[in-house]
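Open the model in your viewer and keep the selection tool at hand. We will go stop by stop.

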Amino acid sequence: MKYLAGFLLLVCAICLRPATAAEPFEYHALGAPARPQVDVNWNRYRDYGQATKLLQDLAKAHPDYVRMQSLGKTYGKREMWLLTISDFAHGDVEEKPAFWIDGGIHANEIQAVEVVLYTAWFLLEKRGESEQIQRLLKERTFYLLPMMSPDARDAHFHEPNTTHSPRSGLRPVDDDGDGEVDEDGADDLDKDGHITQMRVRDKNGRWKAHEKFPELMVRVPDGERGEFTLLGVEGLDNDGDGEVNEDSDGYYDPNRDWAWNWQPGYVQRGAWRYPFSVEENRMVRDFIVAHPQIAGAQTYHNAGGMILRGPGVKTDRFDASDIAVYNALAEPAKKMLPGYRYINVANDLYEVYGGEFDWFHQMQGVFTFNNELWTPFNFFREHDGGGFFGSAENQHLFNQRLLFGEALSPWREVDHPQYGRIEVGGFRKNFLRQPPSFLLEEESHRNMAFTLIHADEMPLLQIESASARSLGQGLVEVTVAIHNPKITPTHAAADVKNRITRPDLVTIEGADLQVSAGMQSEDSLFRKFDEQIRRPEKIQVENVPGRKTVFVRWLVTGKPPFQIQVSSIKGGQAEAKIITLD
(Lines give C-alpha, C1' and ligand atoms only; values in the text may rest on other atoms or scores of the structure.)
Protein backbone atom coordinates (compact mmCIF):
# COMPACT_ATOMS: atom_id res chain seq x y z
CA MET A 1 0.00 0.00 0.00
CA LYS A 2 2.82 2.37 0.82
CA TYR A 3 4.27 1.76 -2.66
CA LEU A 4 0.94 2.71 -4.24
CA ALA A 5 0.81 5.90 -2.17
CA GLY A 6 4.34 6.81 -3.24
CA PHE A 7 3.50 6.21 -6.88
CA LEU A 8 0.44 8.44 -6.63
CA LEU A 9 2.49 11.21 -5.04
CA LEU A 10 5.00 10.99 -7.90
CA VAL A 11 2.24 11.18 -10.51
CA CYS A 12 0.75 14.21 -8.74
CA ALA A 13 4.12 15.92 -8.59
CA ILE A 14 4.61 15.41 -12.33
CA CYS A 15 1.10 16.59 -13.14
CA LEU A 16 1.38 19.69 -10.93
CA ARG A 17 4.83 20.71 -12.31
CA PRO A 18 4.62 24.01 -14.21
CA ALA A 19 4.31 23.54 -17.98
CA THR A 20 7.31 24.51 -20.08
CA ALA A 21 7.24 25.58 -23.70
CA ALA A 22 8.23 22.80 -26.06
CA GLU A 23 11.35 23.31 -28.15
CA PRO A 24 10.21 24.39 -31.64
CA PHE A 25 10.73 21.69 -34.21
CA GLU A 26 13.06 22.77 -36.99
CA TYR A 27 13.62 20.98 -40.26
CA HIS A 28 16.03 22.48 -42.75
CA ALA A 29 17.44 21.40 -46.06
CA LEU A 30 20.93 19.94 -45.84
CA GLY A 31 23.74 22.16 -47.06
CA ALA A 32 22.20 25.44 -45.95
CA PRO A 33 22.78 27.25 -42.64
CA ALA A 34 20.00 26.25 -40.24
CA ARG A 35 19.61 29.61 -38.48
CA PRO A 36 21.27 32.36 -40.54
CA GLN A 37 21.56 35.74 -38.87
CA VAL A 38 21.32 37.32 -42.30
CA ASP A 39 18.51 35.44 -44.05
CA VAL A 40 18.92 35.75 -47.81
CA ASN A 41 17.22 34.33 -50.88
CA TRP A 42 19.70 33.08 -53.48
CA ASN A 43 17.28 32.72 -56.38
CA ARG A 44 17.67 36.34 -57.51
CA TYR A 45 20.28 38.83 -58.67
CA ARG A 46 21.38 41.95 -56.78
CA ASP A 47 22.40 45.32 -58.15
CA TYR A 48 25.17 47.39 -56.56
CA GLY A 49 22.99 48.88 -53.82
CA GLN A 50 21.45 45.55 -52.84
CA ALA A 51 24.84 43.79 -52.87
CA THR A 52 26.32 46.56 -50.73
CA LYS A 53 23.48 46.24 -48.23
CA LEU A 54 24.07 42.48 -47.97
CA LEU A 55 27.79 43.00 -47.34
CA GLN A 56 27.03 45.57 -44.65
CA ASP A 57 24.52 43.25 -42.99
CA LEU A 58 27.07 40.42 -42.91
CA ALA A 59 29.74 42.69 -41.45
CA LYS A 60 27.34 43.88 -38.75
CA ALA A 61 26.13 40.38 -37.87
CA HIS A 62 29.60 38.77 -37.66
CA PRO A 63 32.06 41.38 -36.35
CA ASP A 64 34.49 38.75 -35.01
CA TYR A 65 34.85 37.11 -38.41
CA VAL A 66 34.52 39.75 -41.11
CA ARG A 67 35.83 43.20 -41.91
CA MET A 68 34.50 45.34 -44.71
CA GLN A 69 36.61 47.96 -46.45
CA SER A 70 36.77 49.87 -49.70
CA LEU A 71 39.79 49.67 -51.99
CA GLY A 72 38.77 53.03 -53.42
CA LYS A 73 36.20 54.57 -55.73
CA THR A 74 35.52 53.46 -59.27
CA TYR A 75 35.28 55.68 -62.33
CA GLY A 76 31.56 56.03 -61.54
CA LYS A 77 32.26 56.90 -57.86
CA ARG A 78 31.18 53.56 -56.43
CA GLU A 79 33.13 51.91 -53.64
CA MET A 80 35.17 48.80 -54.42
CA TRP A 81 34.02 46.66 -51.50
CA LEU A 82 36.36 44.02 -50.08
CA LEU A 83 35.57 41.56 -47.29
CA THR A 84 38.25 39.98 -45.12
CA ILE A 85 36.86 36.80 -43.55
CA SER A 86 38.74 34.77 -40.94
CA ASP A 87 38.60 33.75 -37.30
CA PHE A 88 40.25 36.86 -35.90
CA ALA A 89 40.71 35.24 -32.49
CA HIS A 90 43.03 32.58 -33.91
CA GLY A 91 46.22 33.81 -35.53
CA ASP A 92 47.22 36.94 -37.39
CA VAL A 93 45.07 37.36 -40.51
CA GLU A 94 48.10 38.88 -42.25
CA GLU A 95 50.19 35.75 -41.65
CA LYS A 96 47.69 32.98 -42.36
CA PRO A 97 47.76 31.51 -45.89
CA ALA A 98 45.16 33.58 -47.72
CA PHE A 99 42.71 32.91 -50.53
CA TRP A 100 41.49 35.56 -53.00
CA ILE A 101 38.03 35.41 -54.64
CA ASP A 102 36.67 37.96 -57.11
CA GLY A 103 33.81 38.25 -59.55
CA GLY A 104 32.30 40.51 -62.16
CA ILE A 105 35.42 41.84 -63.89
CA HIS A 106 33.19 41.56 -66.96
CA ALA A 107 30.14 43.48 -65.85
CA ASN A 108 27.50 41.53 -67.78
CA GLU A 109 28.64 38.27 -66.14
CA ILE A 110 26.38 38.98 -63.24
CA GLN A 111 26.20 35.58 -61.54
CA ALA A 112 29.94 35.85 -60.87
CA VAL A 113 29.10 38.45 -58.23
CA GLU A 114 26.38 36.27 -56.72
CA VAL A 115 28.78 33.33 -56.24
CA VAL A 116 31.22 35.56 -54.33
CA LEU A 117 28.40 36.95 -52.19
CA TYR A 118 27.12 33.42 -51.57
CA THR A 119 30.60 32.29 -50.53
CA ALA A 120 30.90 35.12 -48.00
CA TRP A 121 27.43 34.39 -46.61
CA PHE A 122 28.03 30.64 -46.39
CA LEU A 123 31.40 30.95 -44.64
CA LEU A 124 29.95 33.28 -42.03
CA GLU A 125 26.57 31.65 -41.47
CA LYS A 126 27.70 28.02 -41.61
CA ARG A 127 30.78 28.30 -39.38
CA GLY A 128 28.87 27.51 -36.17
CA GLU A 129 27.41 24.36 -37.68
CA SER A 130 30.38 22.98 -39.62
CA GLU A 131 33.66 21.85 -38.09
CA GLN A 132 35.23 22.05 -41.54
CA ILE A 133 34.29 25.72 -41.99
CA GLN A 134 35.41 26.53 -38.42
CA ARG A 135 38.80 24.94 -39.10
CA LEU A 136 39.16 26.77 -42.43
CA LEU A 137 38.53 30.13 -40.78
CA LYS A 138 41.08 29.36 -38.05
CA GLU A 139 43.74 28.33 -40.55
CA ARG A 140 43.01 30.63 -43.49
CA THR A 141 42.16 34.19 -44.42
CA PHE A 142 39.69 34.88 -47.24
CA TYR A 143 39.70 38.08 -49.27
CA LEU A 144 36.51 38.51 -51.30
CA LEU A 145 35.92 41.28 -53.86
CA PRO A 146 32.44 40.62 -55.29
CA MET A 147 32.17 43.46 -57.83
CA MET A 148 35.25 44.30 -59.89
CA SER A 149 33.31 46.42 -62.42
CA PRO A 150 30.34 47.73 -60.44
CA ASP A 151 29.63 50.74 -62.69
CA ALA A 152 28.95 48.73 -65.83
CA ARG A 153 27.24 45.97 -63.87
CA ASP A 154 24.64 48.44 -62.62
CA ALA A 155 24.25 49.64 -66.20
CA HIS A 156 23.46 46.07 -67.24
CA PHE A 157 20.75 45.92 -64.57
CA HIS A 158 19.12 49.30 -65.04
CA GLU A 159 19.64 50.18 -68.72
CA PRO A 160 18.61 48.39 -71.91
CA ASN A 161 21.28 45.85 -72.86
CA THR A 162 21.86 42.49 -74.44
CA THR A 163 23.03 39.53 -72.37
CA HIS A 164 26.54 40.37 -73.60
CA SER A 165 26.65 44.06 -72.69
CA PRO A 166 28.24 45.98 -71.25
CA ARG A 167 31.27 43.68 -70.96
CA SER A 168 33.54 46.72 -70.95
CA GLY A 169 33.87 49.31 -68.24
CA LEU A 170 32.16 52.66 -68.77
CA ARG A 171 35.09 54.99 -69.46
CA PRO A 172 34.38 56.76 -72.76
CA VAL A 173 36.36 55.33 -75.69
CA ASP A 174 36.30 56.36 -79.35
CA ASP A 175 35.66 52.93 -80.85
CA ASP A 176 35.19 54.06 -84.47
CA GLY A 177 37.94 56.70 -84.56
CA ASP A 178 35.67 59.61 -85.52
CA GLY A 179 36.75 61.90 -82.70
CA GLU A 180 33.60 61.28 -80.65
CA VAL A 181 33.08 58.83 -77.80
CA ASP A 182 30.21 56.44 -77.13
CA GLU A 183 27.93 58.31 -79.51
CA ASP A 184 26.39 55.36 -81.33
CA GLY A 185 25.37 52.56 -79.00
CA ALA A 186 22.43 50.20 -79.15
CA ASP A 187 18.87 51.58 -78.84
CA ASP A 188 15.80 50.04 -77.23
CA LEU A 189 13.42 50.65 -80.12
CA ASP A 190 10.38 48.98 -78.56
CA LYS A 191 11.07 50.27 -75.02
CA ASP A 192 10.91 46.84 -73.37
CA GLY A 193 14.12 47.31 -71.37
CA HIS A 194 16.08 44.83 -73.48
CA ILE A 195 18.28 45.11 -76.55
CA THR A 196 17.22 42.32 -78.87
CA GLN A 197 17.51 41.72 -82.64
CA MET A 198 16.12 43.46 -85.73
CA ARG A 199 14.66 41.81 -88.83
CA VAL A 200 12.83 43.01 -91.90
CA ARG A 201 10.47 41.01 -94.07
CA ASP A 202 12.21 40.26 -97.36
CA LYS A 203 11.10 37.62 -99.89
CA ASN A 204 14.72 37.43 -101.06
CA GLY A 205 16.10 37.19 -97.55
CA ARG A 206 18.40 34.43 -96.35
CA TRP A 207 16.46 33.62 -93.18
CA LYS A 208 13.11 32.07 -92.28
CA ALA A 209 11.20 31.17 -89.13
CA HIS A 210 11.94 27.80 -87.53
CA GLU A 211 9.09 25.32 -88.08
CA LYS A 212 8.84 24.36 -84.40
CA PHE A 213 9.98 27.64 -82.82
CA PRO A 214 8.70 30.47 -85.06
CA GLU A 215 10.52 33.08 -82.98
CA LEU A 216 13.84 31.46 -83.99
CA MET A 217 15.49 32.47 -87.26
CA VAL A 218 17.22 29.78 -89.33
CA ARG A 219 19.24 30.21 -92.51
CA VAL A 220 17.65 28.84 -95.68
CA PRO A 221 19.58 26.43 -97.93
CA ASP A 222 21.38 27.81 -100.96
CA GLY A 223 18.99 28.33 -103.85
CA GLU A 224 15.95 28.74 -101.58
CA ARG A 225 14.21 32.03 -100.84
CA GLY A 226 13.77 33.11 -97.26
CA GLU A 227 11.33 35.35 -95.44
CA PHE A 228 13.56 37.80 -93.57
CA THR A 229 16.83 39.69 -93.61
CA LEU A 230 18.48 40.02 -90.22
CA LEU A 231 19.74 43.54 -89.42
CA GLY A 232 21.73 42.86 -86.25
CA VAL A 233 21.35 44.23 -82.74
CA GLU A 234 18.52 46.67 -82.04
CA GLY A 235 19.69 50.22 -82.70
CA LEU A 236 19.89 53.38 -84.82
CA ASP A 237 22.54 55.28 -86.75
CA ASN A 238 22.83 57.95 -84.07
CA ASP A 239 25.80 59.80 -85.56
CA GLY A 240 24.66 59.72 -89.19
CA ASP A 241 27.71 57.91 -90.53
CA GLY A 242 25.75 55.13 -92.20
CA GLU A 243 26.58 52.53 -89.53
CA VAL A 244 24.52 51.26 -86.61
CA ASN A 245 25.80 50.60 -83.07
CA GLU A 246 29.49 51.00 -83.94
CA ASP A 247 30.49 53.11 -80.90
CA SER A 248 28.81 51.89 -77.73
CA ASP A 249 29.84 52.38 -74.08
CA GLY A 250 33.54 51.53 -73.66
CA TYR A 251 35.13 49.56 -75.25
CA TYR A 252 38.06 48.18 -73.31
CA ASP A 253 38.32 44.79 -71.64
CA PRO A 254 39.31 44.85 -67.95
CA ASN A 255 40.59 41.28 -68.30
CA ARG A 256 43.11 42.26 -70.98
CA ASP A 257 44.71 44.91 -68.78
CA TRP A 258 47.06 42.87 -66.54
CA ALA A 259 50.82 43.13 -66.74
CA TRP A 260 51.83 39.58 -67.69
CA ASN A 261 51.96 39.12 -71.49
CA TRP A 262 50.11 42.38 -72.03
CA GLN A 263 49.82 43.41 -75.70
CA PRO A 264 48.39 46.58 -77.30
CA GLY A 265 45.01 46.70 -78.96
CA TYR A 266 46.18 45.80 -82.46
CA VAL A 267 47.35 42.43 -81.04
CA GLN A 268 44.81 41.94 -78.25
CA ARG A 269 41.37 43.42 -78.75
CA GLY A 270 40.20 45.13 -75.59
CA ALA A 271 43.65 46.13 -74.33
CA TRP A 272 43.61 49.77 -73.37
CA ARG A 273 46.49 52.21 -73.02
CA TYR A 274 49.04 50.24 -70.99
CA PRO A 275 48.99 47.55 -68.28
CA PHE A 276 46.77 48.57 -65.37
CA SER A 277 45.39 51.57 -67.19
CA VAL A 278 42.02 50.54 -65.70
CA GLU A 279 41.92 52.16 -62.27
CA GLU A 280 39.80 49.46 -60.64
CA ASN A 281 42.40 46.86 -61.63
CA ARG A 282 45.17 48.97 -60.12
CA MET A 283 43.34 48.96 -56.79
CA VAL A 284 43.16 45.17 -56.90
CA ARG A 285 46.81 44.89 -57.91
CA ASP A 286 47.98 47.14 -55.09
CA PHE A 287 46.09 45.14 -52.48
CA ILE A 288 47.32 41.78 -53.73
CA VAL A 289 50.95 42.89 -53.99
CA ALA A 290 50.70 44.14 -50.40
CA HIS A 291 49.42 40.70 -49.32
CA PRO A 292 51.95 38.16 -50.58
CA GLN A 293 50.49 35.50 -48.25
CA ILE A 294 47.76 34.96 -50.85
CA ALA A 295 48.48 31.43 -52.05
CA GLY A 296 45.32 30.58 -54.00
CA ALA A 297 42.80 32.51 -56.06
CA GLN A 298 39.49 32.05 -57.80
CA THR A 299 38.10 34.49 -60.32
CA TYR A 300 34.54 34.00 -61.61
CA HIS A 301 33.27 34.67 -65.14
CA ASN A 302 30.59 33.27 -67.47
CA ALA A 303 29.62 31.25 -69.44
CA GLY A 304 30.08 27.79 -70.92
CA GLY A 305 30.81 25.65 -67.87
CA MET A 306 34.61 25.65 -67.70
CA ILE A 307 37.34 25.48 -65.07
CA LEU A 308 40.18 27.34 -66.74
CA ARG A 309 43.87 27.52 -65.92
CA GLY A 310 46.66 29.36 -67.66
CA PRO A 311 48.74 30.00 -69.53
CA GLY A 312 46.61 32.21 -71.70
CA VAL A 313 49.16 32.50 -74.50
CA LYS A 314 50.57 29.58 -76.47
CA THR A 315 54.13 30.85 -76.36
CA ASP A 316 53.99 31.01 -72.55
CA ARG A 317 54.81 28.00 -70.39
CA PHE A 318 53.85 26.73 -66.95
CA ASP A 319 56.33 24.39 -65.29
CA ALA A 320 55.24 20.74 -65.29
CA SER A 321 55.22 20.68 -61.48
CA ASP A 322 52.79 23.61 -61.40
CA ILE A 323 50.51 21.95 -63.94
CA ALA A 324 50.51 18.81 -61.78
CA VAL A 325 49.26 20.91 -58.85
CA TYR A 326 46.50 22.42 -60.99
CA ASN A 327 45.47 18.97 -62.17
CA ALA A 328 45.26 17.66 -58.62
CA LEU A 329 43.29 20.68 -57.40
CA ALA A 330 40.85 20.42 -60.32
CA GLU A 331 40.20 16.70 -59.91
CA PRO A 332 37.17 17.11 -57.55
CA ALA A 333 35.44 19.34 -60.11
CA LYS A 334 34.73 16.35 -62.34
CA LYS A 335 31.98 15.25 -59.95
CA MET A 336 31.18 18.51 -58.16
CA LEU A 337 30.45 20.58 -61.27
CA PRO A 338 28.41 18.45 -63.70
CA GLY A 339 28.80 19.49 -67.31
CA TYR A 340 31.93 21.57 -66.65
CA ARG A 341 35.23 20.99 -68.48
CA TYR A 342 38.69 21.53 -67.01
CA ILE A 343 40.83 23.02 -69.78
CA ASN A 344 43.79 25.25 -70.57
CA VAL A 345 42.92 28.70 -71.92
CA ALA A 346 45.49 29.09 -74.69
CA ASN A 347 45.35 25.61 -76.20
CA ASP A 348 41.74 24.62 -75.56
CA LEU A 349 39.83 27.92 -75.78
CA TYR A 350 41.53 31.01 -77.23
CA GLU A 351 44.55 33.15 -76.48
CA VAL A 352 44.26 35.86 -73.83
CA TYR A 353 47.01 38.45 -73.54
CA GLY A 354 47.06 40.41 -70.29
CA GLY A 355 44.65 38.16 -68.37
CA GLU A 356 44.24 38.37 -64.61
CA PHE A 357 44.75 34.63 -64.05
CA ASP A 358 48.18 34.66 -65.76
CA TRP A 359 49.27 37.71 -63.78
CA PHE A 360 48.31 35.93 -60.58
CA HIS A 361 50.31 32.82 -61.41
CA GLN A 362 53.36 34.20 -63.20
CA MET A 363 53.88 37.42 -61.25
CA GLN A 364 52.46 36.55 -57.81
CA GLY A 365 53.09 32.79 -57.66
CA VAL A 366 49.40 32.14 -56.92
CA PHE A 367 47.58 29.06 -58.20
CA THR A 368 44.49 30.53 -59.84
CA PHE A 369 41.38 29.12 -61.49
CA ASN A 370 38.99 31.03 -63.72
CA ASN A 371 35.53 29.42 -63.59
CA GLU A 372 33.14 30.14 -66.46
CA LEU A 373 29.80 29.87 -64.67
CA TRP A 374 26.66 28.36 -66.17
CA THR A 375 26.63 25.51 -68.63
CA PRO A 376 23.98 24.65 -71.23
CA PHE A 377 24.35 21.09 -69.92
CA ASN A 378 21.89 22.27 -67.26
CA PHE A 379 19.14 22.83 -69.82
CA PHE A 380 18.32 19.12 -69.85
CA ARG A 381 21.39 17.52 -68.18
CA GLU A 382 22.93 16.59 -71.51
CA HIS A 383 25.63 17.86 -73.84
CA ASP A 384 24.02 19.12 -77.05
CA GLY A 385 27.13 20.29 -78.93
CA GLY A 386 25.87 23.86 -79.04
CA GLY A 387 28.94 25.63 -77.65
CA PHE A 388 28.98 28.12 -74.76
CA PHE A 389 25.21 28.70 -74.83
CA GLY A 390 23.82 25.41 -76.10
CA SER A 391 21.97 24.59 -79.31
CA ALA A 392 19.32 27.01 -80.53
CA GLU A 393 16.70 24.27 -80.33
CA ASN A 394 17.49 23.49 -76.69
CA GLN A 395 17.55 27.20 -75.81
CA HIS A 396 14.02 27.60 -77.12
CA LEU A 397 12.76 24.32 -75.69
CA PHE A 398 14.15 25.25 -72.27
CA ASN A 399 12.45 28.63 -72.54
CA GLN A 400 9.16 27.02 -73.53
CA ARG A 401 9.03 24.23 -70.97
CA LEU A 402 10.90 25.58 -67.94
CA LEU A 403 10.73 29.37 -68.25
CA PHE A 404 7.21 29.52 -69.73
CA GLY A 405 8.34 31.84 -72.51
CA GLU A 406 9.70 34.53 -70.22
CA ALA A 407 13.15 34.60 -71.84
CA LEU A 408 11.85 35.98 -75.16
CA SER A 409 10.60 39.35 -76.28
CA PRO A 410 8.06 38.55 -79.02
CA TRP A 411 8.71 40.03 -82.44
CA ARG A 412 6.86 43.31 -82.85
CA GLU A 413 6.80 45.98 -85.55
CA VAL A 414 8.49 49.37 -85.14
CA ASP A 415 9.38 52.21 -87.49
CA HIS A 416 13.10 52.57 -88.12
CA PRO A 417 14.44 55.82 -89.67
CA GLN A 418 16.97 53.99 -91.83
CA TYR A 419 15.25 50.65 -92.56
CA GLY A 420 11.57 51.57 -92.53
CA ARG A 421 9.02 49.16 -91.06
CA ILE A 422 10.93 46.41 -89.24
CA GLU A 423 10.44 43.92 -86.39
CA VAL A 424 12.41 43.63 -83.17
CA GLY A 425 12.48 40.66 -80.83
CA GLY A 426 14.48 37.74 -79.49
CA PHE A 427 16.12 36.63 -76.29
CA ARG A 428 16.23 39.11 -73.45
CA LYS A 429 19.34 40.22 -71.57
CA ASN A 430 18.66 37.95 -68.61
CA PHE A 431 18.91 34.72 -70.61
CA LEU A 432 21.71 32.59 -72.10
CA ARG A 433 24.60 33.86 -69.99
CA GLN A 434 22.91 33.73 -66.59
CA PRO A 435 21.27 30.81 -64.80
CA PRO A 436 17.54 31.20 -64.21
CA SER A 437 16.37 31.59 -60.64
CA PHE A 438 15.91 27.92 -59.82
CA LEU A 439 19.46 27.06 -60.92
CA LEU A 440 21.28 30.10 -59.52
CA GLU A 441 21.64 28.78 -55.96
CA GLU A 442 22.87 25.41 -57.22
CA GLU A 443 25.44 27.12 -59.44
CA SER A 444 26.61 29.26 -56.52
CA HIS A 445 26.84 26.41 -54.03
CA ARG A 446 28.65 23.94 -56.28
CA ASN A 447 31.27 26.48 -57.34
CA MET A 448 31.71 27.74 -53.79
CA ALA A 449 32.27 24.20 -52.52
CA PHE A 450 34.90 23.52 -55.20
CA THR A 451 36.64 26.78 -54.32
CA LEU A 452 36.78 25.88 -50.62
CA ILE A 453 38.56 22.63 -51.51
CA HIS A 454 41.21 24.70 -53.27
CA ALA A 455 41.49 27.00 -50.25
CA ASP A 456 41.84 24.01 -47.94
CA GLU A 457 44.66 22.64 -50.10
CA MET A 458 46.83 25.75 -49.81
CA PRO A 459 50.14 25.02 -48.03
CA LEU A 460 50.07 24.78 -44.24
CA LEU A 461 53.46 24.01 -42.72
CA GLN A 462 53.67 21.88 -39.59
CA ILE A 463 56.61 20.87 -37.41
CA GLU A 464 56.15 17.13 -37.53
CA SER A 465 59.00 16.40 -35.11
CA ALA A 466 61.84 18.24 -33.36
CA SER A 467 64.57 16.48 -31.38
CA ALA A 468 68.09 16.97 -30.06
CA ARG A 469 70.77 14.44 -29.13
CA SER A 470 74.28 14.72 -27.72
CA LEU A 471 77.21 13.84 -29.99
CA GLY A 472 79.71 14.20 -27.17
CA GLN A 473 82.30 16.88 -26.44
CA GLY A 474 79.49 19.40 -25.90
CA LEU A 475 78.23 19.06 -29.49
CA VAL A 476 74.45 18.64 -30.00
CA GLU A 477 72.60 17.53 -33.14
CA VAL A 478 69.17 19.14 -33.60
CA THR A 479 66.85 17.71 -36.26
CA VAL A 480 63.49 19.12 -37.34
CA ALA A 481 60.97 17.68 -39.80
CA ILE A 482 58.77 20.28 -41.55
CA HIS A 483 55.73 18.78 -43.24
CA ASN A 484 53.28 20.24 -45.75
CA PRO A 485 50.15 18.02 -45.73
CA LYS A 486 48.43 19.94 -48.52
CA ILE A 487 48.52 19.65 -52.33
CA THR A 488 49.89 23.14 -52.96
CA PRO A 489 53.63 23.78 -52.38
CA THR A 490 54.84 26.79 -50.43
CA HIS A 491 56.28 28.16 -53.68
CA ALA A 492 55.01 27.59 -57.19
CA ALA A 493 57.75 26.87 -59.71
CA ALA A 494 56.92 30.29 -61.21
CA ASP A 495 57.54 31.83 -57.77
CA VAL A 496 60.94 30.17 -57.46
CA LYS A 497 61.95 31.01 -61.02
CA ASN A 498 60.91 34.66 -60.81
CA ARG A 499 61.98 35.12 -57.15
CA ILE A 500 58.60 36.50 -56.15
CA THR A 501 58.54 35.65 -52.44
CA ARG A 502 61.41 34.90 -50.06
CA PRO A 503 62.31 31.32 -49.12
CA ASP A 504 60.69 29.63 -46.14
CA LEU A 505 62.74 30.18 -42.97
CA VAL A 506 63.51 27.61 -40.26
CA THR A 507 65.17 29.23 -37.25
CA ILE A 508 66.70 27.88 -34.06
CA GLU A 509 67.18 30.01 -30.92
CA GLY A 510 68.41 29.35 -27.41
CA ALA A 511 69.91 31.16 -24.43
CA ASP A 512 73.49 29.81 -24.77
CA LEU A 513 73.19 28.57 -28.33
CA GLN A 514 76.14 28.53 -30.73
CA VAL A 515 75.37 27.16 -34.20
CA SER A 516 78.32 25.47 -35.88
CA ALA A 517 76.57 24.15 -38.99
CA GLY A 518 73.14 24.07 -40.60
CA MET A 519 71.80 21.97 -43.45
CA GLN A 520 68.61 20.73 -45.12
CA SER A 521 67.64 17.54 -46.90
CA GLU A 522 64.70 15.66 -48.39
CA ASP A 523 66.12 12.55 -46.69
CA SER A 524 65.53 11.97 -42.98
CA LEU A 525 68.93 10.22 -42.81
CA PHE A 526 70.73 13.17 -44.46
CA ARG A 527 72.56 10.92 -46.87
CA LYS A 528 72.43 13.89 -49.22
CA PHE A 529 72.09 17.43 -47.93
CA ASP A 530 72.69 21.07 -48.72
CA GLU A 531 74.72 22.98 -46.16
CA GLN A 532 74.05 26.67 -45.56
CA ILE A 533 77.34 28.38 -44.72
CA ARG A 534 76.07 31.90 -44.08
CA ARG A 535 73.81 32.43 -41.08
CA PRO A 536 73.20 28.71 -40.47
CA GLU A 537 70.87 29.44 -37.54
CA LYS A 538 68.25 30.59 -40.09
CA ILE A 539 67.92 27.95 -42.78
CA GLN A 540 66.40 29.13 -46.05
CA VAL A 541 64.20 26.46 -47.63
CA GLU A 542 63.44 27.24 -51.26
CA ASN A 543 60.21 25.26 -51.30
CA VAL A 544 58.27 22.67 -49.34
CA PRO A 545 56.38 20.66 -51.97
CA GLY A 546 52.83 19.52 -51.50
CA ARG A 547 52.43 16.47 -49.26
CA LYS A 548 56.17 16.32 -48.66
CA THR A 549 58.54 16.71 -45.71
CA VAL A 550 61.76 18.72 -45.57
CA PHE A 551 64.35 17.99 -42.88
CA VAL A 552 66.60 20.58 -41.23
CA ARG A 553 69.57 19.77 -39.03
CA TRP A 554 71.93 21.88 -36.96
CA LEU A 555 75.12 21.10 -35.12
CA VAL A 556 75.18 23.34 -32.06
CA THR A 557 76.72 23.84 -28.66
CA GLY A 558 74.54 24.79 -25.74
CA LYS A 559 71.84 23.29 -23.61
CA PRO A 560 68.09 23.13 -24.21
CA PRO A 561 65.54 24.59 -24.29
CA PHE A 562 65.77 25.37 -28.02
CA GLN A 563 63.03 27.31 -29.77
CA ILE A 564 62.24 26.29 -33.38
CA GLN A 565 60.31 28.65 -35.62
CA VAL A 566 59.06 28.11 -39.16
CA SER A 567 57.99 31.11 -41.21
CA SER A 568 56.56 30.82 -44.72
CA ILE A 569 54.98 33.67 -46.69
CA LYS A 570 52.34 31.41 -48.28
CA GLY A 571 52.58 28.41 -45.94
CA GLY A 572 51.94 30.01 -42.56
CA GLN A 573 53.82 29.88 -39.27
CA ALA A 574 54.71 27.04 -36.89
CA GLU A 575 56.83 26.68 -33.78
CA ALA A 576 58.09 24.01 -31.40
CA LYS A 577 60.21 23.82 -28.27
CA ILE A 578 62.86 21.22 -27.49
CA ILE A 579 63.07 20.84 -23.72
CA THR A 580 65.57 18.01 -23.24
CA LEU A 581 68.08 15.93 -25.13
CA ASP A 582 66.99 12.52 -26.36
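Select residues 514–521 and 548–557: these are strands β18 and β21 of this predicted model. The two strands run antiparallel, and seven bridges join them.

Five strands make up an open sheet, in the order β15-β16-β21-β18-β19. The pairing is antiparallel. Which strands stand at the edges? Select 462–472 for β15 and 530–531 for β19. Each has a single partner strand, so one side of each is left without a neighbour in the sheet.

Next, go to helix α10, residues 356–364. How many of its nine residues are buried? Eight are, so the helix is largely enclosed by the rest of the structure. Buried here means under 20% relative accessible area. To see them, select E356, F357, D358, W359, F360, H361, Q362 and Q364. Then step just past the end of α10 to G365. This glycine takes a positive phi of about 65°.

Last stop: the surface. Select D178, E180, D241 and E243. Together these residues form a patch of negative charge. Pick out E180 and trace the chain on both sides. E180 lies in the loop between α5 (150–158) and β5 (197–201). Its relative accessible area is 44%, which makes E180 partly exposed.

Note on methods:
Residues numbered from 1 in each chain as written. Predicted model: local features only at pLDDT ≥ 70, side-chain atom pairs only at ≥ 80, totals over all residues. Heavy atoms only, no water. Pairing = 2+ DSSP bridges. Helix = DSSP H or I, 4+ residues; strand = E, 2+ residues; numbered from the N terminus. Patch = residues over 30% accessible without salt bridge, like charges linked within 9 Å, V, L, I, M, F, W, Y side chains within 5 Å. Areas by Shrake-Rupley, 256 points an atom, 1.4 Å probe, with all protein chains shown as cover. Salt bridge = Lys/Arg side-chain N within 4 Å of Asp/Glu carboxyl O. Lys, Arg positive; Asp, Glu negative; His and termini not counted. Charge placed at Lys NZ, Arg CZ, Asp CG, Glu CD. Buried < 20%, exposed > 50% of the residue type's maximum accessible area, 1.4 Å probe, protein only.
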